[in-house]
Amino acid sequence: MKAWLGFQEGNAAQYTWYVPHDVAGLLALVGKEEFNRRLEKTFETASENLYGGKIGEFDSFSGVEQLYNYGNQPCLHNAWLFNYSGKPWLTQKYTRDICNVFYGTEPTHGYGYGQDEDQGQLGAWYVLAAMGLFDVQGGTNKVPTMQIGSPLFDKVTIHLNRKYYRGDTFIIKTYANSEKAYYVQDAAFNGKSLQKCFIGLKDILLAPN
């Protein structure tokens with residue numbers, strides 16, 4: 001039996017996580033412990049095959065039989081789900097590892113083992129993850145937030161277009177950041193300690209000078 005029968009560009013395991021509009025509902029249905037067990041197993045397995053399809057097989061759908069296939073849309077938000085299940089350090093670990101392992105300048109990273117770029121979506125994901133930000137809901141929540149990951153850079157400055165936003169610049173700073181030290185120990189926004197791994201999108205868009 002083919003793993004993708006009944007599904008489009010994915011399989012049952014991959015689409016299990018495709019409830020970005022109601023992660024809390026999925027957590028309640030599966031149970032937090034089982035949710036984390038399955039998600040952790042998914043990424044432990046995925047890390048062995050570069051988070052994509054079969055190594056050596058250059059095909060945009062080569063990962064359709066895997067537990068996880070970062071190279072196609074149904075799986076792009078999965079690594080950020082640990083932020084919802086009480087293990088944000090695993091979001092930091094796996095999003096950073098995907099940036100370092102899945103992307104690159106060698107031929108296998110240009111299209112790679114099972115990548116499906118589709119109008120720049122994989123590139124856009126990298127830009128956001130490299131800044132340490134992502135929104136699982138894609139800005140569709142009534143009160144949108146940006147989830148926090150592990151920024152690649154010591155400093156990122158985002159210039160907000162005053163034609164559309166009331167804010168000016170949004171600056172992301174990291175301290176003691178390195179390839180081996182990438183877990184977030186503490187986070188603050190506008191000088192106030194963050195108790196959650198989320199920042200309100202509205203707050204970002206109103207960022208002061």
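Which salt bridge do the side chains of Glu34 and Arg37 meet in, and at what N to O distance?

Modeller: The model is predicted. In it, the side chains of Glu34 and Arg37 form a salt bridge with an N to O distance of 2.7 Å. Both residues belong to helix 3, where they lie 3 residues apart, about one turn of the helix. Glu34 also meets Arg38 in a salt bridge, at 2.9 Å from N to O; these two are 4 residues apart in helix 3, again about one helical turn. An α-helix has 3.6 residues a turn, so residues three or four places apart point the same way. Glu34 is partly exposed, with a relative accessible area of 25%, and Arg38 is partly exposed at 38%.

A further salt bridge joins Lys87 to Glu40, at 2.6 Å from N to O. This pair links distant parts of the chain, for Glu40 is in helix 3 and Lys87 is in the loop between helix 3 and helix 4, 47 residues apart. Lys87 is partly exposed, with a relative accessible area of 24%, whereas Glu40 is among the buried residues of helix 3. Through shared partners, salt bridges join Glu34, Arg37 and Arg38 into one network. The structure holds 3 salt bridges.

As for the helix itself, helix 3 covers residues 32-46 and reaches 21 Å from its first C-alpha to its last, close to the 21 Å expected. Its buried residues include Phe35, Leu39 and Phe43. Seen down the axis, the buried residues of helix 3 fall within an arc of 155°, so they line one face of the helix. These residues pack against helix 2 (23-30) and helix 4 (88-101).

Note on methods. Residues numbered from 1 in each chain as written. Predicted model: local features only at pLDDT ≥ 70, side-chain atom pairs only at ≥ 80, totals over all residues. Heavy atoms only, no water. Expected span 1.5 Å × (residues − 1). Buried < 20%, exposed > 50% of the residue type's maximum accessible area, 1.4 Å probe, protein only. Arc of directions from axis to C-beta. Contact = heavy atoms within 4.5 Å. Salt bridge = Lys/Arg side-chain N within 4 Å of Asp/Glu carboxyl O.
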